[in-house]
Amino acid sequence: MTKQKIVVVGAGYAGVSATKFLAKKLKKDSDVEITLIDRHSYHTMMTELHEVAGGRVEPSAIQYDLQRLFSRKKNVTLVTDTVTGIDKDKKVVQTKLGSYEFDQLIIGMGGEPNDFGTPGVKEHGFTLWSFENSLKIREHILETVEKAAIEPDPEVRKAMLTFVVCGSGFTGIEMVGELIDWKDRLAKEFKLDPNEFTLMVVEAMPTILNMLSRNDAAKAERYLEKKNVKLLLNAPIVEVAADHIKLKDGSSVATHTLIWTAGVKATSDAADFGLESARGNRLIANEYMQAKGYEDKNIYIVGDLVYYEEFPETPTPQIVQAAEQTGHTAAANIVADIKGSEKHKFKGNYQGFMVSVGSKWGVANLFDKIHLSGFLAIIMKHIVNLKYFFDIRSGYYMFQYIMHEFFHIKDDRNVTRGHSSRYGNVLWSVPLRVFYGMVWLVESMKKIVGTGDYLKPSTWFGEGSWFTDKVAFPFPWLQEQVTTGASAAGGGAEATETTAKAAQFGLSYAYGEEPMQVFDHMPKWFESVMKFMMPNQEVALFMQKFMTIVEVLIALALIAGLFTWLSSAATIGLTIAFCLSGMFYWVNIWFIFVAFALMNGSGRALGLDRWVIPWVQRTLGKWWYGTPKSRYGSK
Ligand SMILES: Cc1cc2nc3c(=O)[nH]c(=O)nc-3n(C[C@H](O)[C@H](O)[C@H](O)COP(=O)(O)OP(=O)(O)OC[C@H]3O[C@@H](n4cnc5c(N)ncnc54)[C@H](O)[C@@H]3O)c2cc1C
């Protein structure tokens with residue numbers, strides 16, 4: 001049986017979303033083969049390019065390995081290769097290294113910067129539309145500031161420390177926002193006065209952020225001005241040189257850094273495909289995302305590359321939501337074609353815009369109804385980004401994103417102003433870890449030894465131990481069933497009553513005081529859970545022994561620094577359960593806070609986690625995702 005071959009070109013937002021959809025819907029169709037081709041072995045989180053360019057996150061933070069994204073999709077083959085052409089009649093995709101036949105083709109190769117032919121942009125300017133672009137800007141800025149720091153000529157030094165962003169769309173404003181944050185750090189690192197830096201946005205139009213409401217844009221404008229960013233409006237750039245830019249009014253600005261974000265057009269890689277194009281070289285498609293003139297050839301265009309007029313003269317916007325939705329439409333139509341069902345027409349549904357101006361401030365317009373500014377807009381942007389990982393079903397990268405943005409960020413460059421990313425030496429928590437482990441060991445050993453002698457194991461497991469046939473839990477439904485153990489349990493209950501009478505609240509034990517229980521009665525819902533888990537004395541006896549062994553193991557793990565995060569988390573769970581059972585006192589509530597403190601990787605210093613955790617991560621990663629490669633399956 002010949003297989004149906006679906007080829008997706010471009011693993012951007014559109015391509016990934018389309019491939020995920022196809023892989024899910026066609027997972028039972030063994031006669032369908034899906035091939036995803038991209039020039040990179042990773043998906044680039046384009047919306048965060050400015051964070052790499054502006055030195056906020058490490059470059060790897062925005063590269064999402066394709067195998068990690070598709071490891072559970074066995075019907076998807078990954079290919080790392082550059083597409084050079086398409087033979088529409090023979091239905092073959094040509095790449096630098098080979099060729100791929102297709103029955104159905106989705107082209108989502110994205111866009112590239114449009115310099116509108118402005119002289120000098122290619123030679124002397126920097127663009128921000130790929131991973132490589134963002135690295136180039138980052139390296140150039142570091143190099144330029146380093147040179148400026150030792151430049152004796154004040155004019156040249158000023159030009160070197162002047163950073164100009166051309167364009168005030170979200171790319172430009174987000175870029176300059178990063179520079180606002182990075183400036184102080186750069187000044188400190190290269191022993192410069194931050195006031196020597198000049199940040200500038202040059203815009204050909206009279207207004208900025210034109211996709212936002214004027215009110216939202218005005219807030220952003222005020223914020224930029226407060227941060228000393230110079231806004232040159234109505235100022236088209238007509239020429240770019242290595243050490244200056246020229247404006248239309250004849251004036252010039254001395255600078256060694258011009259970041260061009262003023263326009264986007266379709267990727268020139270698709271220009272020779274022989275498909276009809278419109279404004280910005282975008283390839284024209286119909287409402288099903290089928291390429292104009294090739295509707296019968298099953299060629300679909302998606303993302304930034306597609307030109308589909310949603311409304312007269314208004315093509316789909318070049319934003320992530322449109323990319324995902326066009327990708328989804330094309331994929332759904334391929335599925336419809338294979339399954340013989342009706343095709344879907346594209347219908348855009350855009351929930352708004354979010355623009356970050358640095359890591360702590362932003363503006364957002366949601367559903368054209370909710371307008372946010374400041375840190376709330378940034379939180380909203382993070383929520384939207386996190387939702388993206390949910391959409392593409394990547395728990396791994398969701399976790400990595402949280403780590404990069406909240407916990408591993410340098411120089412306080414996040415919405416928590418560094419409160420979530422302060423690093424300390426975990427060596428200082430080693431004594432606490434060992435002490436806490438000892439506390440659990442002593443307490444669990446009591447349950448083993450009972451009234452016996454610690455130094456004589458033959459006396460263990462006797463009177464007072466949890467390893468006898470007496471139920472230790474003071475739960476009423478367990479006591480009723482017990483006749484022999486009733487006195488011990490009843491004694492416990494009486495003791496509880498006596499304690500409750502005189503109990504005084506305190507967070508540390510004070511001499512002479514009766515400590516107070518966190519809960520003196522089990523909440524009803526928890527009682528139901530406990531009754532379910534320990535319905536009778538037999539199960540309770542097993543549970544009390546099992547719990548004791550678990551506590552010993554946790555104690556030993558903490559002392560040895562083995563699986564410290566998990567062990568600490570388990571002690572939090574146990575402590576909460578003890579509290580709800582009416583078996584825990586306020587004076588010991590510090591267990592919970594100590595356990596949180598030890599979740600800081602304390603097992604990696606003088607502990608086994610130093611070796612065990614990297615090994616577990618490597619082994620599990622390889623088993624679940626396979627080995628990440630710099631190239632996938634190229635011919
Ligand atoms: C700095 C910046 C900030 C942005 N911020 C936002 C934002 O906040 N919100 C928003 O909605 N949008 C934002 N955008 C726009 C958004 O990133 C794009 O609309 C989106 O990336 C388009 O997705 P796509 O899949 O069409 O293309 P892309 O994401 O560009 O993906 C295209 C893919 O095709 C591959 N490719 C290209 N040519 C070839 C070839 N010849 N062979 C093989 N593979 C090829 C590329 O490697 C790439 O993986 C921003 C863009 C930038 C640059």
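These legends go with close-up views of a predicted model.

Local features here need pLDDT of at least 70, and side-chain atom pairs count only at pLDDT 80 or more, while totals for chains, interfaces and linings use all residues. Residues are numbered from 1 along each chain as its sequence is written, and side-chain values use heavy atoms, with hydrogens and water left out.

**View 1. The whole chain, to get your bearings.** The C-alpha trace spans about 95 × 75 × 45 Å along its principal axes. You'll find 19 helices and 29 strands in the protein chain; these are DSSP runs numbered from the N terminus, with helices being H or I of at least four residues and strands E of at least two. Of the 635 residues, 51% are buried, meaning under 20% relative accessible area with a 1.4 Å probe and protein chains only.

**View 2. An open sheet made of S15, S16 and S17.** The 3 strands sit in the order S15-S16-S17, with antiparallel pairing; two strands pair if DSSP finds at least two bridges between them. Strand S15 (237-240) and strand S17 (252-254) are the edges, each with a single partner strand, so one side of each has no neighbour in the sheet. Neighbouring strands are turned by 20° against each other on average, direction ignored; the axes are lines fitted to C-alpha atoms, and angles run from 0 to 180 degrees between N-to-C directions. Zoom in on strand S16 (residues 244-247) and you'll see 3 bridges joining S16 to S17. Across that pairing, Ile245 stands opposite Val253 in S17.

**View 3. The largest cavity.** The structure holds 3 cavities of 30 Å³ or more, and the largest has a volume of about 60 Å³. A cavity is a set of points on a 1 Å grid over the protein atoms alone where a 1.4 Å probe fits but cannot get out, and lining residues have an atom within 4 Å of a point. Grid points are joined across faces, edges and corners, and the volume is the space filled by probe spheres set on the points. Helix H10 (residues 375-391) gives the most to this lining, with 4 residues. Lining residues include Glu48, Arg56, Ser356, Lys381, His382 and Tyr401. By class, the lining divides into 2 nonpolar, 5 polar and 4 charged residues; Ala, Val, Leu, Ile, Met, Phe, Trp, Tyr, Cys and Pro count as nonpolar, Asp, Glu, Lys and Arg as charged, and the others, Gly among them, as polar.

**View 4. The second largest cavity.** This one holds about 50 Å³ of space. Here helix H11 (residues 395-407) gives the most to the lining, with 3 residues. Among the lining residues are Met45, Val57, Ile62, Tyr64, His404 and Glu405.

**View 5. Val202 at one end of strand S13.** Val202 lies in strand S13 (residues 198-202) and is buried, with a relative accessible area of 0%. Val335 is 133 residues away in sequence and 46 Å away in space, C-alpha to C-alpha, from Val202.

**View 6. Spans taken from UniProt.** An unreviewed UniProt entry places "transmembrane region" at residues 546-566 and 572-598; such annotations may be inferred rather than shown by experiment. Residues 546-566 are 86% helix and 0% strand, with end C-alpha atoms 18 Å apart. Residues 572-598 are 67% helix and 0% strand, with end C-alpha atoms 11 Å apart.

Definitions and conventions. 1 Å grid on protein atoms, 1.4 Å probe; cavity = no way out; pocket = protein on both sides within 12 Å on 5 of 7 lines; lining within 4 Å. Buried < 20%, exposed > 50% of the residue type's maximum accessible area, 1.4 Å probe, protein only.
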